[in-house]
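Let's take a walk through a protein structure together. Please have a look at it first, and then we will visit a few places in turn.

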Amino acid sequence: MSRDWDSDPVVVTVAPCGAEVTREQNPAVPYTPQEIARDVVAAAAKGATIAHLHARKADGTPTHERETFRQIIQLIRADTDAICNLSTGGAVGMTIDERIECLDAGAEMAGVETGSLNFAGAPFVTSGSDTQRVIDRAATLGIALEAECFDLGHVAEAARLQAKAVNLRLFNLVLGVPGGAPATPEALQAMIAGLPHGVRWSVTAVGRHQKRMLSLALLLGTAGIRVGFEDNVYIARGRPASSNAELVADVVAQARSLGREVATIGETRRLLGLEHERIAV
Ligand code: KMH
Ligand code: ZN
């Protein structure tokens with residue numbers, strides 16, 4: 001049976017805090033496990049089904065401590081069945097040991113970087129052996145992986161890994177990080193062209209180009225889109241967002257206005273093959 005290119009609902013990920021964005025940029029950025037979990041639960045109520053998680057200390061300093069992630073996951077799971085997807089990118093300057101510590105915190109999904117870049121001017125290095133360490137640890141723990149592709153070469157490396165039977169459930173194409181692929185239609189098309197046949201891909205676009213790049217991705221049939229303070233602190237030009245939930249509600253309306261339905265948690269698990277990944281904390 002044939003199927004329309006966009007017949008699947010689109011998966012919405014919320015990235016509530018990232019590692020670098022601060023309350024100076026938007027006072028609503030969550031820091032503590034309670035604040036992060038509260039924002040994820042509120043975002044899930046508006047349609048987000050995956051949470052791309054980083055962690056902070058109370059003063060906002062990025063941390064990748066296992067226990068902090070464990071607390072965030074437990075608090076989220078008390079109120080929603082949304083999928084916890086942990087960053088192994090961490091913050092600029094973290095070692096790979098620090099970055100992968102969170103894999104033992106009990107999440108069912110994690111990101112994996114497949115290359116390096118100057119992340120807004122700072123070296124953000126993931127060597128081939130770093131990538132392999134994440135893949136091996138995730139395989140041992142039964143964690144599903146999303147490739148975080150900040151540039152065309154990262155797509156090529158993720159495709160090479162997929163061909164070697166590494167099961168990447170989602171290829172997240174990240175646009176607009178200074179030093180990475182620009183937020184342009186040409187860059188997005190080049191990255192899509194580099195994907196292995198038939199895989200699911202999603203788009204993250206940071207800053208002021210986010211809305212139109214997500215619109216383009218939706219029209220091109222993306223499987224997923226991401227919003228949240230990690231990527232953009234504004235709901236519209238010059239207007240700071242009041243919460244992650246507001247950003248999610250806005251992008252859900254955007255998707256629907258372009259004829260795309262939004263996936264439920266159950267649909268997201270089915271689309272990404274995550275029915276069996278839930279790991280007890
Ligand atoms: N904070 C960035 C240096 C990821 O989470 O996978 C890395 C990052 C990517 O945010
Ligand atoms: Zn991140």
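**A metal site and some charged pairs**

His54 is buried, with a relative accessible area of 4%; buried means under 20%, exposed over 50% and partly exposed in between, using a 1.4 Å probe and protein chains only. This is a predicted model, where local features need pLDDT of at least 70 and side-chain atom pairs count only at 80 or more, while totals for chains, interfaces and linings use all residues. Residues are numbered from 1 along each chain as its sequence is written, chains are lettered from A and ligands numbered from 1 in the order written, and side-chain values use heavy atoms, leaving out hydrogens and water.

What coordinates the zinc ion (ligand 2)? His52 (NE2), His54 (NE2) and Glu230 (OE) do, at 2.1 Å. His54 and Glu230 link distant parts of the chain, 176 residues apart. Glu230, at 23% relative accessibility, is partly exposed.

Now turn to charge. Side chains of opposite charge can pair when their charged atoms come close. The structure holds 14 salt bridges, each a side-chain nitrogen of Lys or Arg within 4 Å of a carboxyl oxygen of Asp or Glu. In one of them, the side chains of Asp81 and Arg269 meet at 3.8 Å, N to O. Asp81 and Arg269 are 188 residues apart. Asp81 is partly exposed at 34%, whereas Arg269 is buried at 8%. Arg77, Asp81, Glu108 and Arg269 are linked in a network of salt bridges.

Methods: Donors = N, O, S within 2.8 Å, 3.2 Å for Na, K, Ca; no water. Helix = DSSP H or I, 4+ residues; strand = E, 2+ residues; numbered from the N terminus.
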